[in-house]
Amino acid sequence: MIYKGPSAYNEESFLENYLKRRNREESPNNAIEKPILMELIQTVKGQDVLDLGCGDAAYGLDLMEIGARSYTGIEGSKQMAELAKKTTAGSGIQIINESLEAADLGDGIYDLVTSRFVVHYLRDIESLFAKVHASLKEKGRFIFSIQHPLTTSSFKSKEQSGRREDWIVDDYFIEGERNEPWIDKTVRKYHWTTEHYITALLAAGFQLKALREGKPERSRFATEEEYIRRTRVPIMLIFSCEK
């Protein structure tokens with residue numbers, strides 16, 4: 001069975017295993033992605049924030065703690081959305097259980113739209129970027145991360161899962177579906193080139209302010225072995241854009 005979008009998180013065992021991996025101190029999300037996101041965001045004081053594919057919304061609590069006026073999370077998985085509501089109970093955070101494809105993001109509402117490792121699950125990024133652009137206030141920002149296209153490209157690399165010690169770069173300009181084994185399931189992602197992402201953002205009306213590839217910092221890793229492993233290939237792209 002191939003799981004599309006957030007549907008895999010509705011499987012209890014998958015969600016449990018995912019959270020264990022995601023919450024590891026040395027997970028790429030914690031050791032590499034989040035510090036860069038926070039550096040690019042700089043401040044959310046007094047700002048209205050929308051998070052696309054918010055997961056358990058722990059990130060929303062972080063943003064509220066540093067001064068966000070409001071935080072709305074959209075999450076396509078019913079089970080994950082329920083977890084997010086429990087995680088953020090009493091905080092004033094709003095969680096919406098809806099797919100990003102179907103969600104109405106509104107017009108001129110948000111100062112910041114963010115998304116963490118979600119956009120590469122979508123077939124139609126052009127429509128999403130247009131909706132995000134419309135949802136932002138003037139000079140609003142869209143800051144998001146994706147899996148690096150170098151790691152999504154190869155069909156052969158999708159034939160196995162587990163801890164990697166090397167990476168295959170192949171099939172880069174063959175865009176589209178990739179079915180990838182992940183945590184004992186097969187999930188569908190979409191491979192788009194870096195050029196495709198940037199072209200789609202510019203076509204939606206965004207200005208690209210920064211592009212980061214997730215260069216790791218030694219201080220964020222407990223072992224030299226894991227740090228060196230993470231220096232071998234970029235596993236994420238992080239975009240900072242402005243309306």
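Helices are DSSP runs of at least four residues, numbered from the N terminus. The model shown in these views is predicted.

**View 1**

**View 2. R218 pairs with E224.**
Side chains of opposite charge can pair when their charged atoms come close. The side chains of R218 and E224 meet in a salt bridge, 2.6 Å from N to O. R218 is partly exposed, at 31% relative accessibility. E224 is partly exposed too, at 41%. A search of the whole structure finds 15 salt bridges.

**View 3. Strand β2 is mostly covered.**
Strand β2 spans residues 48-52, and five of its five residues are buried. D48, L50 and L52 are on one side of the strand. V49 and D51 are on the other. Both faces are covered.

**View 4. Strand β2 pairs with β3 and β5.**
Five bridges join β2 to strand β3 (residues 70-75), and these strands run parallel. Three bridges join β2 to strand β5 (residues 110-116), again in parallel. Where does V49 stand in relation to β3? V49 is opposite Y71. In β5, V49 has L112 as its bridge partner.

**View 5. K137 and D48 form a salt bridge.**
The closest N and O atoms of K137 and D48 are 3.1 Å apart. K137 lies in strand β6 (residues 136-147) and D48 in strand β2, so the pair ties together parts that are 89 residues apart in sequence. K137 is partly exposed, with a relative accessible area of 25%. D48 has a relative accessible area of 10%, so D48 is buried. Salt bridges link D48, R69, D111 and K137 in a network.

**View 6. L202, L208 and L211 make a nonpolar surface patch.**
The patch has an area of about 240 Å². L202 lies in helix α7 (residues 194-203). At 49% relative accessibility, L202 is partly exposed.

**View 7. A204 sits in a loop.**
This loop runs between α7 and β9 (207-212). Is A204 buried or exposed? A204 is buried, at 18% relative accessibility. Leaving aside neighbours within four places in sequence, A204 is in contact with F129, A130 and H133. A204 and Q42 are 162 residues apart along the chain, and 24 Å separates their C-alpha atoms.

Terms used
Residues numbered from 1 in each chain as written. Predicted model: local features only at pLDDT ≥ 70, side-chain atom pairs only at ≥ 80, totals over all residues. Heavy atoms only, no water. Patch = residues over 30% accessible without salt bridge, like charges linked within 9 Å, V, L, I, M, F, W, Y side chains within 5 Å. Areas by Shrake-Rupley, 256 points an atom, 1.4 Å probe, with all protein chains shown as cover. Salt bridge = Lys/Arg side-chain N within 4 Å of Asp/Glu carboxyl O. Helix = DSSP H or I, 4+ residues; strand = E, 2+ residues; numbered from the N terminus. Buried < 20%, exposed > 50% of the residue type's maximum accessible area, 1.4 Å probe, protein only. Contact = heavy atoms within 4.5 Å. Pairing = 2+ DSSP bridges.
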